[in-house]
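Open the structure in your viewer and get the selection tool ready.

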Amino acid sequence: MQQSPDFSLRGAVDLGARQAAAQRKQQAATRASGSGDQTGYVIDVTDESFNADVVDRSRSVPVVMDLWAEWCGPCKQLSPVLEKLAAEAEGAWVLAKVDVDANPQLSAALQVQSIPMVVAVLDGQLVPGFLGALPESDVREWIGQVLQVAAQLGLPGPAAAPPADADAGDAERAAGQAPGRPDAGPGGPGPGSAGPGRGGPGAGDAFADPAFGEAQQAMERGDLDGAAAAFEKVLVSAPGHPVATMGLAQVDLIRRVNSYDQAKARRDAEEHPGDPEAQGRMADIDVATGQVEAGFDRLLDTVGGTSGEERNQARLHLLRLFEAFPPRDPRVTKARATLSSLLF
């Protein structure tokens, strides 16, 4: 057959490259499902695994995404640097490698136009990164900035990351809350009715420690000091325990609100919109009376409208309120995302 004189390969599909990319994608999927080990410091991510391996994981620790391709020379210079830094961090952040040829949907969603491309994901939110193979010192500096923002957001850390096979509602069930119920924290039934000590079906071993029963009984008789002591007892033996942390945060919130002159607190907040202490007291009252998003928004506005120590004070108060809710409460997720945009 005679070839047309204006025949061109421009725009033609490279079937060999496409086949090789498909094979690499299958190999990545096989490694993930075969070994079951997607808890390492470096993981392969595909279109299908992105939500679980990147978005969900980013609720606990920063995820740095390395977008690369087999044919990309600079990618081969940058990837070893990222892998080395991930190993050094020992789980403080996770490196997620994405083969752009093998995962076109993800590449399109991220609007990849040049590689290597590196971005970060914090609590489900995309954080800008860089293009090209930067020197190790520059990469290290950028990752340091990402970790700083993660700390400011109060991400729980690697110990709080859910197991790979965990159900999306496990954290809420472990805290004695109905999965997906945004009214189950402070301002809803509260720790005295749906909080720790009444996990019910699905709570598993979360309440095996008798201290949770002690806390519940103390709450029911109005003994806040006794409830706090019971939760603190659990935290001594299991630092960072999510149920005890949430229960203690709820008790502390009730204590603070009980100590306020609420009418005065409201006046102070209206007269001093930039005062983090005044806004913090009013945010406590908002949250304790069921106006959770209003309380969060009040402190977010304070973070956005202040600087220096005042800004940091409002940020820390907001993180303190987050602790009174299950980690995946949608209102906490939304507020964290806004906080991230204000800080980065």
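**Stop one: the disulfide**

Select C72 and C75: they form a disulfide, with sulfur atoms 2.4 Å apart. A disulfide here is a pair of cysteine sulfur atoms within 2.5 Å. The whole structure holds one disulfide. The link of C72 and C75 is right-handed, with 85° about the S-S bond. C72 is buried at 2% relative accessibility. C75 is buried too, at 2%. Buried means under 20% relative accessible area, with a 1.4 Å probe and protein chains only.

This is a predicted model: local features need pLDDT of at least 70, side-chain atom pairs need pLDDT 80 or more, and totals for chains, interfaces and linings use all residues. Residues are numbered from 1 along each chain as its sequence is written, and side-chain values use heavy atoms, leaving out hydrogens and water.

**Stop two: the aromatic cluster**

Now select F296, F322 and F325, which form one aromatic cluster. Rings of Phe, Tyr and Trp (its six-membered ring) pair if their centres lie within 6.5 Å; planes under 30 degrees apart count as stacked, over 60 as edge-to-face and the rest as tilted. The structure has three aromatic pairs. F296 and F322 have ring centres 5.1 Å apart and planes at 90°, so this pair is edge-to-face. F296 is buried at 1% relative accessibility. F296 and F325 have centres 5.7 Å apart and planes at 70°, so they are edge-to-face.

**Stop three: R57**

Which side chain of opposite charge is nearest to R57? Select D53, 4.0 Å away. The backbone oxygen of D53 lies 3.2 Å from a polar atom of the R57 side chain.

Terms used: Buried means under 20% relative accessible area, exposed over 50%, partly exposed in between (1.4 Å probe, protein chains only). Lys and Arg count as positive and Asp and Glu as negative; His and the chain ends are not counted. A polar contact is a pair of N or O atoms within 3.5 Å; within protein, one must be able to donate a hydrogen and the other to accept it, and residues adjacent in sequence count only if both atoms are side-chain atoms.
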